[in-house]
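Open your viewer and get ready to click along. We will go from the whole chain down to single residues, one selection at a time.

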Amino acid sequence: DDCTLQLANSILRKSKHGKLPIVNDKGELVSLVSRKDLKKNRDHPNATKCANHQLLCGAAIGTRPHDKDRLKALVEAGVDVVVIDSSQGNSTFQIDMIKHAKSTYPHVDIIAGNIVTRAQARNLIQAGADGLRVGMGVGSICTTQ
């Protein structure tokens, strides 16, 4: 608890070690700071991080009923943002999933899409989407229309 990120970085800079384990009073590992972290912080100072200076965690789900179970597991694991992966962003399936996600887990940001029109954007925003994926095109499996 007494080791701040600044202190950990300072210790790591002065040492010849590549990693610095941070443990609590019980000797349990609570964090691991590496030289690579220092380099990435230097090279990417605008990376999206939480209040604890940790990178945000995102994951994708689909729009099928079983994806609600995946969403629950992701939220329990600490996910910060969820992308709803769907070839048609304006479908009733995606709108229903957005409404479920935002009513059940209002603190988790939801990115929805893909969309190409104002009407599609409006529908997803009204459903509760926090962000939108914009554009259509060729994917690894199909061409989104």
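Start by selecting the charged side chains: the chain has 20 positive and 14 negative ones. Lys and Arg count as positive and Asp and Glu as negative, while His and the chain ends are not counted. The centres of the two sets lie 8 Å apart, with each charge placed at NZ of Lys, CZ of Arg, CG of Asp or CD of Glu.

Before you go on, a word about what you are viewing. This is a predicted model, in which local features need pLDDT of at least 70 and side-chain atom pairs count only at pLDDT 80 or more, while totals for chains, interfaces and linings use all residues. Residues are numbered from 1 along each chain as its sequence is written, and side-chain values use heavy atoms, with hydrogens and water left out.

Next, switch to the cartoon view. Trace them along the sequence and the pattern reads α-β-β-α-β-α-β-α-β-α-β. The radius of gyration is 20 Å, well over the 15 Å that the globule rule gives for 145 residues, so the chain is more spread out than a compact globule. That radius is taken over C-alpha atoms, and the rule is 2.2 Å times the number of residues to the power 0.38. Along the principal axes, the C-alpha atoms fill a box of roughly 55 × 30 × 25 Å.

Now colour by accessibility. Of the 145 residues, 29% are buried, where buried means under 20% relative accessible area, exposed means over 50%, and partly exposed is in between (1.4 Å probe, protein chains only).

Now select asparagine 9, in helix α1 (residues 5-14). Is asparagine 9 buried or exposed? At 11% relative accessibility, it counts as buried. Leaving aside neighbours within four places in sequence, asparagine 9 is in contact (heavy atoms within 4.5 Å) with Val33 and Leu38.

Finally, select cysteine 50 and cysteine 57. How far is the sulfur of cysteine 50 from the closest cysteine sulfur? The distance is 11 Å, to cysteine 57, which is too far for a bond. A disulfide is a pair of cysteine sulfur atoms within 2.5 Å, and a search of the whole structure finds zero of them. Cysteine 50 is partly exposed, at 27% relative accessibility, and cysteine 57 is partly exposed at 39%.

Methods
Helices (H or I, at least four residues) and strands (E, at least two) are DSSP runs, numbered from the N terminus.
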